[in-house]
Each structure stands twice: as structure tokens, then as C-alpha cells.
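Subject: Structure handover

Hi,

Here is the structure, with my notes below it. Please read them with the model open.

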Amino acid sequence: TLAYGDMNHEWIGNEWLPSLGLPQYRSTFMECLVDARMLDHLTKKDLRGQLKMVDSFHRTSLQYGIQCLKRLNYDRKELERQREDSNNETKDVLVWTNERVIRWVQSIGLREYASNLIESGVHGALIALDDSFDHNSMALALQIPTTNQQARQVLEREFNSLLALGTDRRPLEGGDGNFKRQPSWRRRLRPKEVGGMKEREAVMAGADGTGTLPSNFRIRGPGPQPMSTSPGARRHQRDGHPAEMT
């Protein structure tokens with residue numbers, strides 16, 4: 001049973017979105033009365049259309065924020081407790097707010113770039129859960145020039161230390177200091193397509209009006225992916241690996 005608690009649309013708009021570094025979407029989320037029960041059922045169409053979230057990285061940021069809530073069973077009190085406990089310590093990065101990440105950037109001597117994270121969508125769950133968000137991704141968000149190698153070296157050292165101390169992410173084997181990554185940190189995560197917002201509102205209301213999702217409710221998985229025709233894929237086939245069925 002999910003403990004949605006007091007995670008109504010006002011909490012989502014006034015507290016949760018700002019904590020993700022996405023306060024600019026407050027008004028549209030509140031106008032659509034988006035509460036915690038609806039979050040995991042928002043489609044890309046909902047986000048781009050009704051909620052005006054056209055930036056793909058902001059949508060990815062939102063999805064990792066939702067993943068954090070899932071891990072805490074949508075328990076607002078537990079979320080607040082963990083945030084309070086990690087407010088002045090390098091631990092539980094998963095629950096860090098955008099403001100807490102900004103303070104961390106300031107603490108490592110990069111104060112001049114810290115304000116660039118305001119309304120950026122960078123928060124703790126993104127750092128802790130997205131294996132492909134690395135120090136280069138953070139440097140891009142902070143808008144550190146590529147010519148400022150000293151600042152980038154400081155960020156790389158401190159960011160990797162943050163991952164080791166405050167997250168479950170671990171370096172790749174080989175000892176080169178790189179942490180596990182997956183391709184395309186901006187596009188890898190996509191909101192699930194499970195129908196329109198009105199349909200999901202009706203489903204979430206439940207047949208008995210209690211707001212409980214039916215036990216047989218399932219989210220449809222992604223469709224089959226087209227066969228790659230890239231040079232890499234063709235080389236893969238020539239090396240003796242079976243070609244993908246069409």
C-alpha cells in the first residue's frame with residue numbers, strides 16, 4: 001500500500017517541484033491538479049502539452065524525482081526525515097534537493113558557478129540514480145567553460161567522491177576512476193505511455209472511489225525497437241553474431 005500522505009497538488013507544486021530544481025512548472029502542475037498518485041502515469045504527451053515541460057532533460061529530471069518517491073513508498077515524512085539528516089552531511093544523496101546540491105557546489109570551491117543550477121533540474125536523485133550523469137554532465141549544467149581545466153578537475157575529483165560516499169554508484173572495473181555509465185543521459189529515460197491524463201484520472205479514482213489502483217493495473221511496456229543499420233551493427237553481424245530478426 002502506497003503511503004501518499006499529504007502529497008496533494010499543492011505540495012507537488014509548492015514544495016516538490018522546487019526541490020527538484022523545477023519551480024518554473026509550478027503553475028501548470030497546480031492548474032492540472034497533479035498529485036502524487038498521478039506522477040508515475042504522466043506521459044510525454046501530458047508533460048509536453050498540458051504541463052508545458054518541453055525540455056527533455058527536465059522530463060528526465062522529473063522521472064528520477066518520481067523514482068526517489070517510489071523508493072520511499074511515497075512517504076512524505078520519511079523523505080523529510082532523510083533530507084534533514086543529510087542536510088549537513090555527505091550521505092543519502094538520493095534525497096538531496098536542488099538547493100542542497102547548490103550548497104555542495106559552493107562548498108567545493110565552485111561558488112561562482114553554483115547559481116547556474118537554479119531551475120536546472122539537477123537534484124540528488126538524478127545524481128544517485130542516473131549512471132550516465134557524470135562530472136562532465138555536471139560541468140555542463142554548471143556552465144563551466146571547457147577552457148577552465150582547473151575548475152573541471154576540482155569538480156571531477158569532488159563529484160566522484162560524492163558518488164562514492166553518498167550513493168550506490170561504483171566505479172567501473174579497471175581502476176580508471178570512471179563510474180558506471182549508460183548511454184545518453186539526456187534521452188535514456190522516457191515517461192511511460194499509458195494513455196491520456198483523463199483516462200488515468202479515472203483509473204486512479206478506482207471503482208470504489210477510494211483512489212486505490214486496481215490490483216490488476218499494469219503499465220504497458222515499450223514496443224519493439226527497430227533493427228539498427230549503423231556501421232557498428234553491420235560489423236557486429238559480420239563478426240559471426242546473428243543478425244536481428246525483422
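The protein has 13 helices and 0 strands. Helices are DSSP runs of H or I, at least four residues long; strands are E runs of at least two; both are numbered from the N terminus. Along the sequence the pattern reads α-α-α-α-α-α-α-α-α-α-α-α-α.

This is a predicted model: local features need pLDDT of at least 70, side-chain atom pairs count only at pLDDT 80 or more, and totals for chains, interfaces and linings use all residues. Residues are numbered from 1 along each chain as its sequence is written, and side-chain values use heavy atoms, leaving out hydrogens and water.

Of the 246 residues, 43% are buried. Buried means under 20% relative accessible area, exposed over 50%, and partly exposed in between (1.4 Å probe, protein chains only). Take contacts (heavy atoms within 4.5 Å). Among those between residues at least 6 apart in sequence, 63% join residues at least 24 apart.

Now to helix α6, residues 76-85. Its buried residues are R76, L79 and Q82. Seen down the helix axis, they fall within an arc of 130 degrees, so they line one face of α6. That arc is taken from the directions from the helix axis to the C-beta atoms. The buried residues of α6 pack against α1 (9-19) and α5 (56-71). On the other side of α6, K77 and E84 are exposed.

What caps the N-terminal end of α6? D75 does: a side-chain oxygen lies 3.1 Å from the backbone nitrogen of K77.

Best wishes

Conventions. Polar contact = N/O pair within 3.5 Å; in protein donor to acceptor, adjacent residues only side chain to side chain.
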